[in-house]
Amino acid sequence: MLEQVNLVKELADKHGRRRDSLIPILQGLMEEKNYLTDEAMVLVAKELDISAADVYGTASFYTFMDTDVRGKYVIRICKTISCSMKGKIDVLHTIEETLKIKVGETTSDKKFSLLETNCIGWCHKAPAMLINDTPYTELTPQKVTEILQEYMKL
Amino acid sequence: MKSSALKRVDLIFESVNVREILDKTLKRKPEEIIQDVLDSGLRGRGGAGFPTGMKWKYTAAEKNAVKYIVCNADEGEPGTFKDRQILDEVPRKVFGGMAIASKAIGAKIGYVYLRGEYKFLVPKLQEEMEIFHAMMKEMKHDFRLELRLGSGAYICGEESALFESIEGKRGEPRNKPPYPTTSGLFGMPTSINNVETLVYTVMICKYGADYFHKLGTTDSRGSKVFSVSGDTPKAGIYELELGMTVERFVEEFGDGDTKAVQVGGASGFCVPRKKFRDTIIGFEGVPTGGSMKLFNSSRSMYNVLHNYLDFFTEESCGQCTPCRVGCQQLLLGVEAVKRGERNSRYLDELVKLAGTMKISSKCGLGQSVGNAFKSIVENFKEEIIY
């Protein structure tokens, strides 16, 4: 808890305590942990002197600011048509089988979450996914297995 | 008969000395710069196509001491990926365009709003920004950039939603008017331009308005960066002169079996094979922010439509009823027709609903859902029903 208090203060010192500092602060929290806890949002509200409902209302608008518990590595596979046309479904099934989770779920060790997302801008190298901020493109079942195995070692 | 080859252009990615161009341009009067951009005929490259020179002129005319230039790098239209490539390869030209705009409109601060999906570009852009700031200092031009990131909301590409997001709020579009040129970011006069548009202003300042004006057609001057994907052996990014027909485009990029091209992404238009010859890619025909998706005869247009409707249902901000409920009902409606629970006449009702959304939605998202819906349903009715 104390750690979180300090982190929120640090982020507010860096980005300011104005309303337009809110999103950079929340994004800073997301970098530490892949989701926003209720406690963290209340701390941010206090720091910026706005209501906690305002903080939650803003955070929950943005797809990438999860308020549900997420794993250390969040996989977002593109579900837009260009990726579907290039074999995304086989890649998705491979991820589900490898991690033993379905879309929307998190592994029990809280290491991986699997989500679908809208177009991430790699249609010419479909199918594509993001693991946290890193894009992976031209995926095949074999390629995605190798990528996941690397992450499992981390 | 095969028509002549498409004209490739190399302006956006051409390696140029940005410092030299700025040295020359920042010494000029704002009116002169704006006149050049007006004379070039450049229209916004994000999709909406508003004349860039007009945008700058209106913002310049405002008397406020504080004004902003915003670079819209929230590229989220399905099938578009050119801004990522531009920011990755020629960020200095993008920032250079913002410096030119700052001179033209009288702004001291510029914001770059980058979509969260492109966060991997941040270290590179920050490094480039430091170089840029040092350059501005040397040139004694009072102008600073700030980088802001989106967080996975397509609607934030809509200009007023983008301002709301920079201001730290939910990305919900505002009513217009007032337009951004009078009341934009933080309520101040703001010119918001797409990444590609800004780079073109640099090239217009380098080569002159005439050079750009000679390319393209009366309604669509210059060239454009296209993001080509789908059933094509040549997926990728291509800068082409504007004014080509879909037919010429398909001759170049198709796989020999192209049955439809979706021009302009999910919010754009579907052009079926029988209309390839008579449809011009540009503001006089089908406009595009760059997204060009090809579909061959193995693809179900029902799946394409369903995918787009699913996209809009999720990305609608939910603020206004026509868009929030309309997107859901269009999706449920085509599903019901597909299952045979509703007859084909129901599709006509849905087309009417899409028309209502076009005139009653608050922003471009809800207003453009009907583009893809109508053009796919009307041209591929049997694929939607059976």
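**Figure 1. Domains 2 and 3 of chain B in the predicted model.** In this predicted model, a distance of 22 Å separates the C-alpha centres of domain 2 of chain B and domain 3 of chain B. Each of the two contributes 13 residues to the contact. By the assignment used, domain 2 spans 223-296 and domain 3 spans 301-385, while domain 1 of chain B covers 9-214. Between domain 2 of chain B and domain 3 of chain B, about 1,100 Å² is buried, and carbon and sulfur atoms give 61% of that area.

**Figure 2. The salt bridge between domain 2 and domain 3 of chain B.** One salt bridge is counted between these two domains. Lys259(B) pairs with Glu383(B) in a salt bridge whose closest N and O atoms are 2.7 Å apart. Five residue pairs in polar contact, both residues at pLDDT 80 or more, are also counted between domain 2 of chain B and domain 3 of chain B. On the side of domain 2 of chain B that touches domain 3 of chain B, at least two residues each come from strand 7 (258-263), strand 8 (269-272) and strand 9 (291-296) of chain B. That side of domain 2 of chain B consists of six nonpolar, three polar and four charged residues.

**Figure 3. Chain B as a whole.** Chain B holds 15 helices and nine strands. Along the principal axes, its C-alpha atoms fill a box of roughly 70 × 50 × 35 Å. The radius of gyration of chain B is 21 Å, in agreement with the value near 21 Å for a compact globule of 386 residues.

**Figure 4. The interface of chain A and chain B.** The contact joins 32 residues of chain A to 50 residues of chain B. About 3,200 Å² is buried between chain A and chain B, with 55% of it on carbon and sulfur atoms.

Figure 5. Five salt bridges are counted between chain A and chain B. Among them is the one between the side chains of Lys79(A) and Asp310(B), at 3.3 Å from N to O.

**Figure 6. The side of chain A that touches chain B.** Helix 2 (22-32), helix 4 (52-59) and helix 5 (81-85) of chain A are the elements that give two or more residues to this side. Helix 2 of chain A gives the most, with five residues. By residue class, the side of chain A that touches chain B has 15 nonpolar, 11 polar and six charged residues.

Methods
Residues numbered from 1 in each chain as written. Chains lettered and ligands numbered in written order. Heavy atoms only, no water. Domains from an automatic or database assignment. Contact = heavy atoms within 4.5 Å. Buried area = accessible area lost by both parts, 1.4 Å probe. Salt bridge = Lys/Arg side-chain N within 4 Å of Asp/Glu carboxyl O. Polar contact = N/O pair within 3.5 Å; in protein donor to acceptor, adjacent residues only side chain to side chain. Helix = DSSP H or I, 4+ residues; strand = E, 2+ residues; numbered from the N terminus. Nonpolar A, V, L, I, M, F, W, Y, C, P; charged D, E, K, R; others polar. Rg over C-alpha atoms; globule rule 2.2 N^0.38 Å.
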